[in-house]
Amino acid sequence: MITLGIDIGSTTSKCVLMSGGEQIIASSLRIGGLGTEGPAEALSDLWDRADIAPSDVSRTIVTGYGRNKYEGADGEVSELTCHALGGRFIFPDLRTLIDIGGQDAKIISLSEAGRMSNFVMNDKCAAGTGRFLDVMAGILRMDIDELDECAAQSVSPASISSTCTVFAESEVISQLANGVSRPDLVAGICESVASRVSALARRAGVVPRVCMSGGVAKNGAVRKALSESLGVDIDFDPMAQYFGAIGAALYAHRQLQKLSDNK
Amino acid sequence: MVQDLMKKFHEAAVSPRAQMDKYMAEGKKIVLTAPVYTPEELIHSMGFVPMGAWGADMELNRSKEYFPAFLCSIVQSILELGIKGAYKGASAIVIPSLCDTLKTLGENWKYAVDDIKFIPMTYPQNRKPDYGIAFTKAGYERVIRDLEALGGKYDPAALAESIRVYNKHNAVMRRVDEVLAVHPEITAAERSDIFKSAYFMTKEEHTALVEEFLAELGEAGEEKIGIVVSGILTDAPQLNQIFDEFGMHIVADDVAAQSRQYRTDSPEMDDPLEALAVKFANMDNCSVLYNVKKPRVQWIVDTAKARGAKGVVVVMTKFCDPEEFDYVMIKKACEKADLPLALVEVDRQMVHFEQVRTNLETFRDMLTM
Ligand code: SF4
């Protein structure tokens, strides 16, 4: 049974094809989420990569911020549920998942058996989300993917005290004017995101094994700062951005199983 | 028939102005009652129609001339409606002193809305000892004087009768809460209408309508996911639509605008004003009713267990400090009792409920997967 999971986020669209709820057969990611060509492009990419025709797919589930507006799926599921399923698929002993997406951050706690037992969301404020990093990268005229490497060269990370993204923007500009080095500023920015998210994580409770998902998971500086602040190791998998889509494909598989069990 | 009655509840719930105009056309005078508790029995006994003023879902503009942004939107929208003339024709508004935000509402109302008299109702922090009861009674006496200035007449016999009317209404509301716990087919939106309409109808009319509804209610529908909802106000149509969409059945509520109003009756006493003050002393399990032991927290857990709820949803009115303070204890108690808990934040200005939807959808999955 082939299932398809589509994750339409606020800034990217991801697709994952799975076979039998066990094996990932293809995946794709495109910049552009809800309201853009992103989802269509990610899907067409997926078909280019997979040896499978759309008609071979038994069930499609869509998740993510844009799930309600997408019409080509058999059902939609909350991104938290999907991230939990996807995270547990990659890390079978996962207990805490920290997802920092383009516009929000979520912490999901899982029981030993893998059931979702608690979750908290930061959905009101750009601080502690990918958006904060985007804005800061913009001020520094850097590409978001360059932040990680730049932060690694920091000697003494700058302190960004403003919680508000708008105020932090002026703070960064004035620190630049005062001659603070770029690597120190970037490291400070990453630490600032980590500090907001670690406060959120503590509210949900942090039990190892801990991993990160979402686009910001790629940023090693944020991961390191988060790990130091929480005092736990934080695992990372190159598929971290796909957890939502993997979870959606797994959910689709579960539904098919349920349907066949009920027959 | 049930559907006809539901329509009546809905119409009253969504058109307070029409209800107000109807009563005024009958020659009655309206006294607005602000959250959370006011001596409605007293207002009723002095010949006025008490009507709830808990604000409305709207954009706030004028209220910002008086309030900073970080005050709860319920209070802000009450003032906004007052300034914009939505309550025009009302004789007075009784605003209790039950939280810091409400205290500022009264003060600002005096300046912002000069055609509707502000009547303060100052409650004591320690309401249970004798001196607390005497303080509450003195507060009621002040309300009496202010209502007399508007043409009302205080008569203890009339108050005793109004207390009977209100106790009867309390009983029918407690009954409907119990009955709805085993009727999942009555939606969250419909449940909200039943409770909300009580604010815009005389209690006599509302009691009769609820009694009729209870008599008409048929067989229970298919089981859904039982939840207990807690908070100040849960009347946003989008919120209730989400509960319904995800198959959630409210088996009990700890909502200030709903069941918290009806838990306590006034006792039978020779002096009905004293009885009303004793009622306030006996009230409990509410974020704005001071009690250092916080029995409310265990009340939520026990009620959820007794009604077979799968989880608790705390609907937090943004910037409501009394509720924010209690939340931490509620969370801990639910964790200890192995009772799943979700927290969603609402605001009278909220237009997009997508995050609430994601939150409750995930909670549904958590309870069912
Ligand atoms: S109790 Fe909370 S919601 Fe009610 S008026 Fe006070 S601050 Fe606002």
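1. Buried area is the accessible area, taken with a 1.4 Å probe, that two parts lose on being put together, summed over both. Keep that in mind for chain A of this predicted model: between its domain 1 and domain 2, about 1600 Å² is buried, and carbon and sulfur atoms give 66% of that. On the domain 1 side, Leu80(A), Arg88(A) and Phe91(A) lose the most area to domain 2, together 49% of what that side buries.

2. Where do the two domains of chain A run? Domain 1 takes 1–91 + 241–263, and domain 2 takes 92–236. Going by C-alpha atoms, their centres are 26 Å apart. The contact between them brings together 15 residues of domain 1 and 27 residues of domain 2.

3. Now for the contact between the chains. Chain B puts in 15 residues and chain A 23 residues. The area buried here is about 1700 Å², with 48% coming from carbon and sulfur atoms. If you want names on the chain B side, look at Gln355(B), Met366(B) and Met369(B): these lose the most area to chain A, together 39% of what chain B buries.

4. On to the ligand, which sits in the second largest cavity. Which elements give two or more residues to the shell around it? They are helix 4 (73–83) and helix 5 (100–112), both of chain B. The residues around the ligand include Ile74(B) and Val75(B), along with Thr101(B) and Leu102(B). By class, that makes nine nonpolar residues, one polar and no charged ones.

5. A few backbone spots deserve a look while you have the model open. As a reminder, most residues other than glycine have a negative phi, and most peptide bonds are trans. In chain A, the bond from Pro208(A) to Arg209(A) is cis, with omega near 10°. Arg209(A) lies in the loop between helix 6 (182–204) and strand 9 (210–213) of that chain.

6. Chain B has a cis peptide bond too, joining Pro35(B) and Val36(B), with omega about 5°. You'll find Val36(B) in the loop between strand 1 (29–33) and helix 3 (40–45) of chain B.

7. Lys294(B) belongs to the loop between helix 11 (272–282) and helix 12 (295–306) of chain B.

How values were computed:
Residues are numbered from 1 along each chain as its sequence is written. Chains are lettered from A and ligands numbered from 1 in the order in which they are written. This is a predicted model: local features need pLDDT of at least 70, side-chain atom pairs count only at pLDDT 80 or more; totals for chains, interfaces and linings use all residues. Side-chain values use heavy atoms; hydrogens and water are left out. A residue is near a molecule or strand if one of its heavy atoms lies within 4 Å of it. On a 1 Å grid over the protein atoms alone, a cavity is a set of points where a 1.4 Å probe fits but cannot get out, and a pocket is an open set with protein on both sides within 12 Å along at least five of seven lines; lining residues have an atom within 4 Å of a point. A molecule sits in a cavity or pocket if more than half of its atoms lie within 2 Å of its grid points. Helices (H or I, at least four residues) and strands (E, at least two) are DSSP runs, numbered from the N terminus. Ala, Val, Leu, Ile, Met, Phe, Trp, Tyr, Cys and Pro count as nonpolar, Asp, Glu, Lys and Arg as charged, and the others, Gly among them, as polar. Domain bounds come from an automatic or database domain assignment. Contact means heavy atoms within 4.5 Å.
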